[in-house]
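Here is a structure to read from the inside out. Keep the sequence and the 3D view side by side.

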Amino acid sequence: MLRNRSSRKTGYALARAAQEAGARVTLVSGPTSLPAPHGVTLIPVTTARQMHAAVMAEAAGADIFIAVAAVADWYVKNASAQKIKKTGSTPPQLEFEANPDILADVARLPEGPWCVGFAAETENLAQHAEDKRRRKNIPLLVGNLAQNVMDADTTEMALFDAQGMHSLPAAPKLDAARRLIAEIATRLPRH
């Protein structure tokens, strides 16, 4: 199984912050030892395709979708159900196939939720994050440099919207999550 390195701390902090702000929260999560925040509905998944199915089943009833998961872009198409033994010096040939693009699929839903994406980049944050926001056609994208935030208890976020880039100060992940939830609230279209 291929997966991106992620502690899931930011996603769980966002779920807690949204619940504290009064939202009814459903958290679709890959494997982790983190406990689900109190009052949050947890849907555990193992693969990106399972995550896609769970998110799509929930998305139509959601007002906001925050795609914070570090989902692998690819999966091994010819994965073996048994251990592949080392025989000789030739490694197995793996075939890859693209995982579904969860954020793009939710963003394309007619009358779907207001979408927030995440971009963990390793370089050229401003360019890659804004490109992703436009490509996915979403109103808000949160970017950060992966090497600075992975496995850390603090994070630094830059928000990308139609008005440009807005940097938030470094903070513990729960504090940053609360700030992000407040920023989302100021941007939501009023009904």
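Predicted model: local features only at pLDDT ≥ 70, side-chain atom pairs only at ≥ 80, totals over all residues.

Residues are numbered from 1 along each chain as its sequence is written, and side-chain values use heavy atoms, with hydrogens and water left out.

Start inside. In soluble globular proteins, nonpolar side chains tend to be buried together. Here a nonpolar core means a set of buried Ala, Val, Leu, Ile, Met, Phe, Trp, Tyr and Cys residues joined through side-chain atoms within 4.5 Å. Buried stands for under 20% relative accessible area, exposed for over 50%, and partly exposed for anything in between (1.4 Å probe, protein chains only). The largest nonpolar core holds 23 residues. V142, M157, L180 and I184 have the most contacts inside it. Two or more residues of this core come from each of α1 (9-20), β6 (114-121), β7 (140-145) and α6 (173-187). The largest share, 6 residues, is from α1. These element names follow DSSP runs, numbered from the N terminus: helices are H or I with at least four residues, strands are E with at least two.

Now look at L180. Contact means heavy atoms within 4.5 Å. Setting aside residues up to four places away in sequence, L180 touches L14, F118, V142, M157 and L159. There is also a second, separate core of 19 residues, with F65, V106, L141 and F160 among them.

W114 sits in strand β6. Its relative accessibility is 14%, so W114 counts as buried. Which residues does W114 contact, leaving aside its neighbours within four places in sequence? They are D63, I64, F65, P139, L140, I184, R187, L188 and P189. W114 and F160 are 46 residues apart along the chain, and their C-alpha atoms are separated by 15 Å.

Next, follow α1. The expected span of a helix is 1.5 Å times one less than its number of residues. For the 12 residues of α1 this gives 16 Å, and the end C-alpha atoms are 16 Å apart, which agrees. Its buried residues are T10, G11, Y12, A13, L14, A15, A17 and A18. The buried residues of α1 pack against β1 (26-29), β2 (41-44), β3 (64-67), β6 and α6. After α1 comes G22, with a positive phi near 105°.

Helix α2 (residues 48-59) contains E58. E58 counts as partly exposed, at 37% relative accessibility. Apart from neighbours within four places in sequence, E58 is in contact with T26 and I43. E58 and P169 are 111 residues apart in sequence, and 32 Å apart in space, C-alpha to C-alpha.

W74, L94 and F96 make a nonpolar patch of about 330 Å². Patches are made of residues with over 30% relative accessible area and no salt bridge; like charges are joined within 9 Å, nonpolar side chains (Val, Leu, Ile, Met, Phe, Trp, Tyr) within 5 Å. Accessible areas come from the Shrake-Rupley method with a 1.4 Å probe; for residues, only the protein chains shown count as cover. F96 is in strand β5 (residues 96-98). F96 is partly exposed, with a relative accessible area of 44%.

Last come the charged pairs. Side chains of opposite charge can pair when their charged atoms come close. A salt bridge is a side-chain nitrogen of Lys or Arg within 4 Å of a carboxyl oxygen of Asp or Glu. The whole structure has 12 salt bridges.

K9 pairs with D153 in one of them, with the closest N and O atoms 2.6 Å apart. This pair links distant parts of the chain: K9 is in helix α1, D153 is in the loop between α5 (146-149) and β8 (154-155), and 144 residues separate them. K9 is partly exposed at 28% relative accessibility, whereas D153 is exposed at 54%.

K77 and E97 also form a salt bridge (3.5 Å, N to O). K77 lies in the loop between β4 (74-76) and β5, and E97 in strand β5, so the pair ties together parts 20 residues apart in sequence.

R179 and E183 meet in another salt bridge (3.3 Å, N to O). They are 4 residues apart in helix α6, so about one helical turn separates them. R179 is partly exposed at 38%, while E183 is buried at 17%. Finally, salt bridges that share partners join R16, E20, D175 and R178 into one network.
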